[in-house]
Amino acid sequence: METSLPTPWQQALDKLRDWARINSPWAIHYNSGSCNGCDIEILATLTPRYDIERFGIKLQGSPRHADVLICTGPVTRQSRDRLLRIYEQMPDPKFVVAVGSCGISGGAFRGCYNIVGDISAVIPVNVYIPGCPPRPEAIIYGVVQLLETLKKPVA
Amino acid sequence: MEETKKFIVPIGPQHPALKEPGHFEFSVEGEIVTGVSIRLGYVHRGIEKGAENRSWVQSLYLFERVCGICSHVHATAFALGVEKLCNVSAPPRAQAIRTLVGELERIHSHMLWLGVAAHEGGFDTLFMYSWRDRETVMDLLEMLCGNRVNYSINLLGGVKFDIDHAQRDAILRGVDFLEERSHHYLKICTTDRTFLGRTRGVGTMTREQADEFGMVGPTGRASGNKRDVRIDAPYASYAEFPVKLVTAEAGDLMARFDVRIRELFESFRLIRLILDNLPQSELTARVPRRVPAGEVVSRVEAPRGELFYYIKSNGSDQPERVKVRTPSLCNWGSVTQTAVGSKLADMPMILSGIDPCFSCNDRLVNIQRGDNSQVWTWEDLRRYGIEYYR
């Protein structure tokens, strides 16, 4: 990659990009082996009671359009490759939110023979949301925490 | 000369339609689907084998996490089976509370499905409305047991939570509200023209086909299949509080909507009946830590159909073998049948029409050729898994 000194034009563009990213991150959801509990709670955050879209967060289908990967469950051996592929297809900068106890430690499935491990065993994770499953409020809080860290200038 | 070209449309495992991973390959000619291949197993975690390394109580919590949507029925099936092995029966009040929570869970599951199926049909307004109303029943479940999903209300030998007067009133209020809304949904699903265009005559299964493919639950009942474990082999307190069978004859998607929504009314009625006649008794019976040797079959009716548990004990504090047969896998066969000849655009509706739940159905199937039958140990399976996906 070519590197050059930041021009004023480049700086302004970066600022604009950061502003857009924080105000409307697009998320992709992947279930890498969870029991479904976290997935229905993620879906519930979209619905009128919780309405995560008021933060500009949109759940959509393609990894190529996504900024945030919301990932649930422990990683099974079969879905490991697919999880890596989705992660690699996402454009930089990309962020990963691990939802649920299984994503943190393997949870109730820890030690089962078809489990690779938690999500951080496969891809780097930015935010962990604990709970089995976490409440929709907790999921929203976790994602907002992620957005807060983006506001700070990168050291 | 016009050449017909055959395309294969791959979908999944990550796709915007369903929230769980499953891989489908539709071969299409033009817009018509000519063949389907389904690849499952992305969420196979090895729960049955995992239970063999855990104590009976730990296994209860593991089986609750087979599926987050119908967690209560899994735990109920396991607890009922273990109680039968121990020759203990849970006290009547505990059984009634199990039944009550089971029906609340059915309401939550059917409303969830109504929303998801409407979403697949491009009817997002209904999705948002039904999920908004579903929050009512989620609140009730949270009030009863402190968690919105994975209630863990079951213990081996009883239940953890009692229902007091305030909770009883809250449940009755919630059920009244939901009943009113369900009338509205029934009206929409049976009269709305755009909706009928997507559902009437789509994905039709005749009674014969449904029997042939072994369809269970509301999907089978929509084809006129008169089977419901709650009626055929009453468990918990379904013998004291009988349910009426809800069936339809048409067998298409509309019939499945119809059956599931009418089952909601049956659940509302049952919940009121149980709350009015809640028996007084203890909440738990004592279950020994070491379960006597023996084997048992335990059947319950999950929101998606018959759930079957086979439990074998060798007298130790861990199960020797647990086999789970979930309704979703039984219904997949019907998709391969109905999909052929349908339009590609109808596929999301047909897929969601059976109310698929991938975390339930991703189980290891070991096809034995010849008679090289062998018992796989934990280490064998682990090595096999690591080798397979290397």
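## A bridge in chain B

Let's start with one pair: B:His23 has B:Arg39 in β3(B) as its bridge partner. Strand β2 (residues 23–29) of chain B and β3(B) pair in the antiparallel sense over 7 bridges. Here, strands are DSSP runs of E with at least two residues, helices are runs of H or I with at least four, and both are numbered from the N terminus; two strands pair if DSSP finds at least two bridges between them.

## The model behind it

This is a predicted model, where local features need pLDDT of at least 70, side-chain atom pairs count only at pLDDT 80 or more, and totals for chains, interfaces and linings use all residues. Residues are numbered from 1 along each chain as its sequence is written, while chains are lettered from A and ligands numbered from 1 in the order in which they are written.

The model scores ipTM 0.86 and pTM 0.90. For chain B, the mean pLDDT (the predictor's confidence in each residue, from 0 to 100) is 86, and 94% of the residues reach 70 or more.

## The sheet in chain B

Chain B has an open, antiparallel sheet of 3 strands, in the order β1-β2-β3. Its edges are β1 (7–11) and β3 (32–39), each with a single partner strand, so one side of each has no neighbour in the sheet.

## Over to chain A

Chain A has 5 helices and 7 strands, and from the N terminus on its elements run α-β-α-β-β-β-α-β-α-β-β-α. Along its principal axes, the C-alpha trace of chain A spans about 55 × 40 × 25 Å.
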